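Please keep the structure in view while reading.

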Amino acid sequence: MTTTAPSPDIVQTNAINEEQQHAFLNRMIGDVGAALTGALVILGDRLGFYKKLAESGPMTSVDLAAATGTHERYVREWLANQAASGYLTYDPMSHRFALPPEHRAILADEDSPILLCGLYQIAQILYTDEPHITEAFKTGKGFGWHEHDARLFAATERFFRPGYNVFLTTAWIPALDGVEEKLRRGARVADVGCGLGTSTITMAKAFPKSRFVGFDYHQGSIEAALRAANEQGVADRVTFEVATAKAFPGRDYDFIACFDCIHDMGDPVGAAMHIRSALKKDGTFMMVEPFANDSLEDNLNPVGRVFYAASTMLCTPGSLAQEVGAALGAQSGEKRMRAIFDEAGFTTFRRATETPFNLIFEAKP
Ligand SMILES: C[S@@+](CC[C@H](N)C(=O)[O-])C[C@H]1O[C@@H](n2cnc3c(N)ncnc32)[C@H](O)[C@@H]1O
């Protein structure tokens, strides 16, 4: 047996730079602290701690426990973790903890487009369902959206809702060519892959003369969407049906939209073809997708990190569970999406607008 001497490069790679190792260890302690603290963010959100601190100003553990009907000893430990995390500030003189004003939109304001509490609830599902995804890595099989812990659906709705409330009818639709005017006059609209129907209902509230139908293949989501339409008083102009993106009923829609779901589908080209055939000749398709650049190296940033995590645990297994199994992933980017819509026969495709978290595309048949 002959052995090859390691090249100088490999020897150099194996040598430990202690400073670098220390820096990485510190970083990982920060990351594992964040991963463990996530459970406490969910708990604090659920018990109303952030909102109470936002409304009341600095509080002691006794104050916060009394104001939220919880037990002081538990609250004291939670507050210590939150101060160590830098989420709250602590004043040792008064023993008071405070939620800085700059942190409120992220942790305590239900209407803020940067509220991250729903994302923590999604993180909880990633942990809960990890054994299924680990198994899928070995078998190569998919794991459908509908197979996840049922808390995922409301968590996703909560994460996306503030963005839809703030941007959908005020920025995204106005960025499209002539769609806002059509919706004002009265148009036929389909929201495909609508989940719990928040995007559909948001549009229906803004454009009362139009008629909306939301489709999703997941029965539980459609049932929740129907309840939401009734509760929010828009059932006269919104309906929801169980249907896949490749087979939803109806023709001659003026406007069809897909919110954060095309990349979750097994056959995005098939879905795009069906959408094109269901649109009027002068109709418009809008697709909202997670923000992504075209190259992996350009997505190696904090937002890309969040989306690649969700993509590994939710979007990729979800697509692999469906026919074709294109598995675009949540960071597919504009170039890949343009190719899909070209292949499906759309004549135009453009980035209409964007936010730090979303790309909004417009395509015409
Ligand atoms: C990330 S969720 C987004 C839900 C919703 N659009 C929103 O913005 O809250 C993806 C949705 O796509 C739906 N979906 C996935 N594949 C689908 C398909 N082939 N046909 C219809 N819906 C599909 C899932 O059931 C899920 O509700």
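Predicted model: local features only at pLDDT ≥ 70, side-chain atom pairs only at ≥ 80, totals over all residues.

Strand β9 covers residues 358-364 and is mostly covered, with 5 of its 7 residues buried.

Which strands pair with β9? One partner is strand β7, residues 279-290, which pairs with β9 in the antiparallel sense over 6 bridges. Within this pairing, E289 has L359 of β9 as its bridge partner. Another partner is strand β8, residues 348-354, which also runs antiparallel to β9 and is joined to it by 6 bridges. Here T348 stands opposite K364 in β9. β8 and β9 form a hairpin, and 3 residues lie between the two strands.

## The sheet

These strands belong to an open sheet of 7 strands. Its order is β5-β4-β3-β6-β7-β9-β8, and the pairing is mixed. Which strands stand at the edges of the sheet? They are β5 (238-242) and β8. Each of these has a single partner strand, so one side of each is left without a neighbour in the sheet. From one strand to the next, the twist averages 20°.

The pairing of strand β3 (residues 188-192) with strand β6 (residues 253-259) is in the parallel sense, over 3 bridges. In this pair, A190 has I256 of β6 as its bridge partner. The antiparallel pairing of β7 with β9 and the parallel pairing of β3 with β6 are both found in this sheet of mixed pairing.

Two packed helices are described by the angle between their axes and the distance between the axes. Helix α3 spans residues 49-56 and helix α4 spans residues 61-68. Their axes come within 10 Å and cross at roughly 110°. Angles from 65 to 115 degrees count as roughly perpendicular, and α3 and α4 are therefore roughly perpendicular to each other. The crossing in which α3 passes α4 is right-handed.

α4 also packs against helix α5, residues 72-85. At what angle do α4 and α5 pack? The angle is about 120°, and the axes are 9 Å apart. α4 passes α5 in a right-handed crossing.

## Around the ligand

How many residues are around the ligand? There are 21, and those that come nearest are G193, G195, A245, F259 and C261. F259 is listed here, and residue 259 is also the end of strand β6 (residues 253-259).

The residues of the shell divide into 8 nonpolar, 9 polar and 4 charged. Two helices, α9 (151-172) and α11 (198-206), each supply at least two residues of the shell. α9 gives the most, with 3 residues.

## The chain as a whole

The protein chain has 365 residues, and buried residues make up 42% of them. Its secondary structure comes to 15 helices and 9 strands. Taken along the principal axes, the C-alpha atoms fill a box of roughly 75 × 65 × 35 Å.

Notes:
Residues numbered from 1 in each chain as written. Near = placed C-beta within 6 Å. Helix = DSSP H or I, 4+ residues; strand = E, 2+ residues; numbered from the N terminus. Nonpolar A, V, L, I, M, F, W, Y, C, P; charged D, E, K, R; others polar. Buried ≥ 20, exposed ≤ 12 C-beta atoms within 10 Å, placed from the backbone. Pairing = 2+ DSSP bridges. Axes fitted to C-alpha atoms, helices over the stretch in contact; angles between N-to-C directions. Parallel < 35°, antiparallel > 145°, perpendicular 65-115°, else oblique. Left-handed = near helix turned anticlockwise from the far one by under 90°.
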